[in-house]
Amino acid sequence: MTTAGRQDQAVRPESAGTILSVRSLNAWIGTQQILHDVTFDVADRGVTALLGRNGVGKTTTLRALLGLVRREGVIELASSRIDGEPTHRIVRRGIGYVPENRDVFGGLTVAENLDLARRHALKRHRAVTRPSRRGDRMSTCGESDERVQLVDRLFPDLVRRRGQPAGTLSGGQQQMVALARALLNDNLALLVDEPTKGLAPKVVDEVADALEVAARRTPILLVEQDLAVVARLADRVVVMTEGQVAHSGPAPEFLADRATVRGLLGVSGGSR
Amino acid sequence: MSTVILLAVTGLGLGALYFLVASGLSLIYGVMRILNFAHGAFLTVGGYLGYEVGVHAGVHARSWPVFVVMLAVGAIAGTILAMLVEILLIRRLYQREIEQVLVTVGLGLAAVALVTGIWGPDTRPMPSPSWMARTTSIIGAAVPNVCFACIAASVVVLIALQFLLARTRYGLIIRAGVENRSMVAALGIDVRRTFTAVFMLGGGLAGFGGVLTALYNSALSPAMGDSLLIFAFIVVVIGGLGSVTGSAIAAAAVAILQQFANYYTTSGVGDLIVVAALAAVLLVRPGGLSGRQVRLA
């Protein structure tokens, strides 16, 4: 992890800090306010875990970042404001979203799900959002090929099942489609919502492996209930209670503090 | 026997008209979650503008090139009208679906009034190629040729729509949008552009269908759109919201059922039976024949 982080830093010397900054975020579902003055940062490398009990607003936070729910507040991606933009523009600036419950298109084949996710139009936006990286890569085409190869390598199962309707896949395979959709593009950040929910322990490990590889290239904001996965992947944690941020800081220190973990999450550390 | 064939073919012809209206309605509902009550207006306006072409063509009105122009004008009129409605009204009410439906209801009423104001309330005879008005004998049944034209046009539209949906990126976006449009946006795709395109496509098909409807009835009136729209809605629900193939099957089934029941019982019973069929399908398969569970969230 640290080695990969250092490599990334070598590519991006300007990037010791924050990729996604959230200030005073309020969000509503219908008329009910779910988030109250939420403020936190997502580091520009590694995994930042967003933790909290069920119903505290973790999913709503991710959806608010993407403009999928009504929200107010300041959201900056790589130092530019995105809170005034419609969802598709925010995504094209370089956010990959892996939603809770996967949300793969069940009637579409695996290949169609992945084709749909490939953002051809990103080329134009890259020049705007990543001026410092322009010279680092050979060509856009080579880059997307590299992404495809990465996805094929991470999820060989999906290559075999390209023609199968995604709705007929197992939960774990659907999760891989959802992850692959996000990894196919050259993103500035990934928002990943409970990727291990409802999966068998072996599949949980596979998903965690994939996230670990992904995090070497792209910073991740990860909502996760499984503290073993959090302990393995996360560098920092942001803990929410009742639609507010209750704690944020380095992951190891937080997870080591059993009393705080129990108090904020209602579970003991490391349990699955 | 000849009666059965006649009823079946005229039923398929009517079904073809239902399909042209229902496929657009179904796609619009599937992607945008709007029941477009203005769809009948696209049909009526398309029909009347096609009629104007025929009238202005004078002695040439019965030639094939003029017929093609009539269809094209109807389709283009429907497309442009739908585009204006989507951009000027529907889009401004984005995510306020009840208001969007109310706007379409109002538009539907206003359009009928406008058409009545321009062309009058009376039924007008539709100019058509002389071949259309003749009949062809199939095993003793004298089938009006216009039925074949309607069926052929619908089959072409069905194939074209299937190609669009199965083979193009737009089709991929539409199929995904029918399942879960917020996830489509979350993949970086501008769903609103897709909304406009689908609305225009539906409007174009309705305008095209308007010309054919007027030919099928050999006449047109301001109420023609709304009277077809009711059955088209039934077809859409029976076929499964958002499913083009479902619409095609349901359109044929509904129209043939209607023709036979109206002929062998009293006129009007067929319409009632169609409503009963709708209730039966909803009881047995709430998602319609195509069986897709449309997400309403």
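Two strands are said to pair if DSSP finds at least two bridges between them. In the predicted model described here, four strands of chain A form an open sheet in the order β2-β1-β4-β5, and the pairing is antiparallel. The edges of this sheet are formed by β2 (32-43) and β5 (80-81) of chain A, each of which pairs on one side only. Within the sheet, strand β1 (residues 18-29) of chain A runs antiparallel to strand β4 (residues 70-77) of chain A, and the two are joined by seven bridges. A:Ser21 stands opposite A:Glu76, a residue of β4(A). Helix α2 (residues 58-65) of chain A lies across β1, β2 and β4 of chain A, and the direction in which this helix runs makes an angle of about 75° with β2(A).

In chain B, helix α2 (residues 39-56) and helix α4 (residues 97-119) have axes that come within 9 Å and cross at roughly 20°. Because angles under 35 degrees count as roughly parallel, α2(B) is described as roughly parallel to α4(B). The crossing in which α2(B) passes α4(B) is left-handed. On the side of α2(B), the contact is made by B:Gly40, B:Ala41, B:Thr44, B:Val45 and B:Tyr48, while α4(B) contributes B:Leu107, B:Gly108, B:Ala111, B:Val112, B:Val115 and B:Trp119. When these residues are grouped by class, the contact of α2(B) with α4(B) has eight nonpolar and three polar residues, with no charged residues.

Another residue of chain B, B:Leu220, lies in strand β4 (residues 219-220) of that chain. B:Leu220 has 24 other C-beta atoms within 10 Å and is therefore classed as buried, the cut-off for this class being 20 or more. Leaving aside neighbours within four places in sequence, B:Leu220 is in contact with B:Gly47, B:Tyr48, B:Tyr51, B:Arg124, B:Met126 and B:Ala214. Of these, B:Tyr48 is 172 residues from B:Leu220 in sequence, yet the two are 7.5 Å apart in space, C-alpha to C-alpha.

The two chains also touch each other, in a contact that takes 19 residues from chain A and 15 residues from chain B. On the side of chain B that touches chain A, the elements that give two or more residues are α7 (169-179) and α8 (181-185) of chain B. The largest share of this side, five residues, comes from α7(B). By class, the residues of chain B that touch chain A divide into nine nonpolar, three polar and three charged.

Notes. Residues numbered from 1 in each chain as written. Chains lettered and ligands numbered in written order. Predicted model: local features only at pLDDT ≥ 70, side-chain atom pairs only at ≥ 80, totals over all residues. Contact = placed C-beta atoms within 7 Å. Nonpolar A, V, L, I, M, F, W, Y, C, P; charged D, E, K, R; others polar. Buried ≥ 20, exposed ≤ 12 C-beta atoms within 10 Å, placed from the backbone. Axes fitted to C-alpha atoms, helices over the stretch in contact; angles between N-to-C directions. Parallel < 35°, antiparallel > 145°, perpendicular 65-115°, else oblique. Left-handed = near helix turned anticlockwise from the far one by under 90°.
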